[in-house]
Amino acid sequence: MILTGLFDLTTRLVRMPEDGGATVWMPPQSSTIAGEVDWLFNFILGISVVFFVLIVVVMMVFVVKYRRREGRETASPSASNSVFLEMAWMAISIVVVVIIFFFGFKSYLNISTPPANAYEIQVAGQKWDWSFTYPNGYVDQDLHVPADRPVELVMTSVDVIHSFYVPAFRVKKDVVPGRYTNVWFEATKPGEYNIFCAEYCGTGHSDSSTMVIVHPSGEFGPWLEKASNFLLTMTPEEGGRKVYEIRGCQQCHSVDGSPRTGPTFFKVFGKEETLADGSIITVDEDYIRESVLEPNAKVVAGFEPVMPTYQGRMKDDQIEALIAYIKSLDGKTGEE
Ligand SMILES: [Cu+2]
């Protein structure tokens, strides 16, 4: 009775088979490597639990059995050594550690060597979101990938250290400024999964979560084609709004007048802006363009110079669309 109850509890902690491999700790396994990662995690967890229970139980028995009491004032001399015992615990530990090393190293090599035919996507971490650049130059703030095909991410950071983490795929890798790190996975189930930043990277750290969308194979190509051409099918204002959303501006700039990390875009066009050095400028097309490409050239008074540069990361047509969108936020046309 108790035993079956215990067994049921452990399987729940370790795995709920009816839920595609979800456990109390982790969402369902949705990549090819998730199974082996979970297996090793559970193996190490199991060993830890067994030894924890063993040691604590023996310790408690000894505490009671050898406690100080009448007629037992001094401790009886303990056994000096037992060659058999010593050999046994060394042998058992070595075997366990070698097993963990073998499977850990095998998986590690697998995880860190992308297959040659992997589909490559560039990733930039920034405060506080991610941007993903596809082979044709299209940039999105969600990660879209095909199912059943290895995908390699080549990652770097624009500002501080971030960490790219997809729990459903069981992959996590640091994203470091001035350096490229790689991670790869092969998604097995179409759907949407969370991406988190697993490195505390500033006040907006918890906002730097986004989604990976796994498209059924065959639907990814058409999706990319359509997404890449959004500026062609929208008015400049609509296109600019979309750029504002997908390029991370909205993490720091509101369009309704409320302050965020940066100044609001509401009614900013044509405004007289006081800079940190005391000079006053008028917000025009050139100034917006410069703010995007060289954010620190002119810093607005009262704000920290934390805006990442988009130099080399944003095409002119997107900047033009942004300018059109910011112009439209004059309180009269379009937006509220
Ligand atoms: Cu981060």
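In which loop is Arg-170 found? Arg-170 is found in the loop between strand E6 (162-166) and strand E7 (171-175); helices (H or I, at least four residues) and strands (E, at least two) are DSSP runs, numbered from the N terminus. The structure is a predicted model, in which local features need pLDDT of at least 70, side-chain atom pairs count only at pLDDT 80 or more, and totals for chains, interfaces and linings use all residues. Residues are numbered from 1 along each chain as its sequence is written.

Most residues other than glycine have a negative phi, and most peptide bonds are trans. Arg-170 has a positive phi, near 60 degrees, and is not a glycine. The residue is buried, with 23 other C-beta atoms within 10 Å of that of Arg-170; a residue counts as buried if 20 or more other C-beta atoms lie within 10 Å of its own, as exposed if 12 or fewer do, and as partly exposed in between, with C-beta atoms placed from the backbone. Lys-267, also not a glycine, has a positive phi of about 55 degrees. Its place is in the loop between helix H5 (236-246) and strand E11 (272-274), and Lys-267 is partly exposed, with 15 other C-beta atoms within 10 Å. The peptide bond between Lys-127 and Trp-128 is cis, with an omega of about -5 degrees. Trp-128 belongs to the loop between strand E1 (119-126) and strand E2 (129-133).

Beyond E2, Asn-136 is located in the loop between E2 and strand E3 (139-140). Asn-136 is exposed, with 9 other C-beta atoms within 10 Å. Apart from neighbours within four places in sequence, Asn-136 is in contact with Leu-224 and Ser-228; two residues are in contact if their C-beta atoms, placed from the backbone, lie within 7 Å. Asn-136 and Ser-228 are separated by 92 residues in sequence, and their C-alpha atoms are 8.1 Å apart in space.

An open sheet contains five strands in the order E4-E10-E9-E6-E7, and its pairing is mixed. E4 and E7 are the edge strands, each of which pairs on one side only. From one strand to the next the twist averages 25 degrees. E4 and strand E10 (residues 210-215) run parallel and are joined by four bridges. The bridge partner of Val-145 in E10 is Val-214. Elsewhere in the sheet, E6 and strand E9 (residues 191-197) run antiparallel and are joined by two bridges, with Tyr-165 opposite Phe-196 of E9.

Helix H7 (residues 316-328) has 13 residues and reaches 18 Å from its first C-alpha to its last, close to the expected 18 Å at 1.5 Å a residue; the expected span is 1.5 Å times one less than the number of residues. Its buried residues are Gln-318, Ala-321, Leu-322, Ile-323, Tyr-325, Ile-326, Lys-327 and Ser-328. H5 and helix H6 (285-293) are among the elements that cover these buried residues.

Two packed helices are described by the angle between their axes and the distance between the axes. For H5 and H7 the angle is about 105 degrees and the axes are 7 Å apart. Axes are lines fitted to C-alpha atoms, for helices over the stretch in contact, and angles run from 0 to 180 degrees between N-to-C directions. H5 and H7 are therefore roughly perpendicular to each other, a term for angles of 65 to 115 degrees; angles under 35 count as roughly parallel, over 145 as roughly antiparallel and the rest as oblique. In the contact, residues of H5 including Pro-236, Arg-241 and Tyr-244 meet residues of H7 including Gln-318, Leu-322 and Ser-328. The contact residues comprise seven nonpolar, four polar and three charged, where Ala, Val, Leu, Ile, Met, Phe, Trp, Tyr, Cys and Pro count as nonpolar, Asp, Glu, Lys and Arg as charged, and the others, Gly among them, as polar.

Methods. Two strands pair if DSSP finds at least two bridges between them.
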